[in-house]
Each structure stands twice: as C-alpha cells, then as structure tokens.
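Please keep the sequence and the model in view while reading.

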Amino acid sequence: MRFEGSTDYVATQDLMLAVNAAIALQRPLLVKGEPGTGKTMLAETVAEALGLPLLQWHIKSTTKAQQGLYEYDAVSRLRDSQLGGEHGSRVHDISNYIVKGVLWQAFSAETPTVLLIDEVDKADIEFPNDLLRELDRMEFYVYETRELVKARHRPIVFITSNNEKELPDAFLRRCFFHYIKFPDKETMQSIIDVHFPGLKQALIREALEVFFDLREIPGLKKKPSTSELLDWLKLLVAEDIPPEALRTKDQKAAIPPLHGALLKNEQDVHLFERLVFMARQNR
C-alpha cells in the first residue's frame, strides 16, 4: 500500500516518502507546518488515493483522550431507569450506554482506515501521553463491559500539529515525523494550477509577487498562508481584478486590493499601512 500522490493535492517527493515510511513502519505520521499548508488535507488525500475510509478526530482544548476510545453515558442510563417501561428495559445492558469513539470505530472497522487526529497540540499536555498505549498496541480495555477491543486492521494514522505546545518525547518516539515546508514560488504555482486551472498566468505572476512580498515584511504577527492566497485569488477572479491593478513600479508603496483576505489582524494591517506610507514619503 503506497501513496503515489494525487491530481488534487501537490505533494512533494519528501512528503510522499514520509507517508510511505509511516505506512511501512506502522507508526503514526506526525505532520507539522504553518497553518494553511495542507496538513489536514493530506490525510483526506491519502484516504481517497488509497481507496480507504477516513475517520477524523478534530481536537479541541477540552478534548480528553478517553473520548477517542469511548464514553459511558451515565446520564442517559439514569434517565431511562427513571422513565421505566421500554426505556427501563435497556438499563440492564450497560453496553447500550457505551458511545464508541473514533479510535474504537477505526479498530473495529472491517477494512483498513485512515485515521486523522487533527491539531493534537490544542489539547492538554497529557493528551498525547494518554494515547501512547492505545496507538502503540492497537488495543484498549472497556472497564464497564469488561471487553478488550483489539484492532482488526491497523489504521494509517495522521497526527497534525501547529506547534502551539511541545509534544512529549515518549509520544514523539512512537511517530514518524515530517515538517511541511512553506511552498516556494514554483510549488505554489503548481498548487494554484490545481485549484484554478486555466487562470491567467499574468494574474498568478503578479499575485505571487504581492503574496511573497507580504510574507517578507518583518514584524508581521501572522504571515499569510497558502489557503489565504487561494482565497485571495478566488476573490480577484470573482471581482475581475486585472493583473495591472496588482502591478506598480514600487510594490511596497501600494496596498493590494482585497488585502483583507491576506492580513487577518489589525496590527498587521496597521504595520503594512505604515510601511506603505513611509515608502510613498521616500519616493
């Protein structure tokens, strides 16, 4: 089972090598990179390319590892016991109140699956450690039903992180790691061609100049990402903005149209406006 890329996702040779290495080692692939570089979409693309079902677990700050295994719904059981009748007959079987989590679904699936654990660094620092045994041994114990759940097939696990928190060393040892570098102009051109086939090259060329100039501004709190460039291009096309509107003799002395798609906080907008004002004053 090998990932050879996709027509809908521009994967570098290094990235494809990392995916196939994780599959061969039967270890989770930990993917880091700037927000908007396609970490989440990678799992979706691999699942589609390999013809496997995709299970997604999007992590929040309140997420606990136990939720990925199962949850015991004691409140529903208490309510049914109070209602009696048809509801009361369910109470005697505790398995009626066990809610299967994403990991249980992946372990019990009849075919191999792709499992995405998205933005693992959003959760508590203990979250990765709490998953170590389950991801390593591919099994866990359900205490309420005294049942040992073993994986029928080892899922292909993708774990993404935006580097908001450091991950424990013990967790890192059990993963294959890959950092998605920010695309250079050539790779970005390929990404744009996938999403906007047939777009005028003059518009792409000017848009890329503006985009990479913005990213190089020192002091930006949030640099514009790949996904934001694609949003900006979509708006430029929708508003029928010509390439000439992006081109000036001194790009740093002009505010690009619809720049709100690229700059997402007031500090960066004010910084950019000040730099533009200074550039105009120095002409």
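The model is a predicted one, in which local features need pLDDT of at least 70 and side-chain atom pairs count only at pLDDT 80 or more, while totals for chains, interfaces and linings use all residues. Residues are numbered from 1 along each chain as its sequence is written, and side-chain values use heavy atoms, with hydrogens and water left out.

Ile117 also belongs to the largest nonpolar core, which has 30 residues; together with Trp57, Leu115, Phe127, Leu131, Phe140 and Ile159, Ile117 touches the most other members. Such a core is a set of buried Ala, Val, Leu, Ile, Met, Phe, Trp, Tyr and Cys residues joined through side-chain atoms within 4.5 Å, where buried means under 20% relative accessible area with a 1.4 Å probe and protein chains only. At least two residues of this core come from each of β2 (54–58), α3 (65–69), α6, β5 (114–118), α8 (132–137), β6 (139–142) and β8 (156–161). Helices (H or I, at least four residues) and strands (E, at least two) are DSSP runs, numbered from the N terminus. The largest share, five residues, is supplied by α6. A second, separate core of 28 residues includes Ile204, Val210, Phe211 and Leu236.

Aromatic rings give another view of the structure, which holds nine aromatic pairs. Rings of Phe, Tyr and Trp (its six-membered ring) pair if their centres lie within 6.5 Å, and planes over 60 degrees apart count as edge-to-face, those under 30 as stacked and the rest as tilted. The pair of Tyr70 and Trp104 is edge-to-face because the ring centres are 6.1 Å apart and the planes stand at 85°. Since Tyr70 lies in strand β3 (residues 70–72) and Trp104 in helix α6 (residues 102–108), this pair ties together parts that are 34 residues apart in sequence.

Helix α10 (residues 185–195) has Met188, Ile191 and Ile192 among its buried residues. These three lie on the same side of α10, because they cover an arc of only 100° around the axis, the arc being that of the directions from the helix axis to the C-beta atoms. The buried residues of α10 pack against α11 (201–215) and α12 (226–238).

Key:
Buried < 20%, exposed > 50% of the residue type's maximum accessible area, 1.4 Å probe, protein only. Contact = heavy atoms within 4.5 Å.
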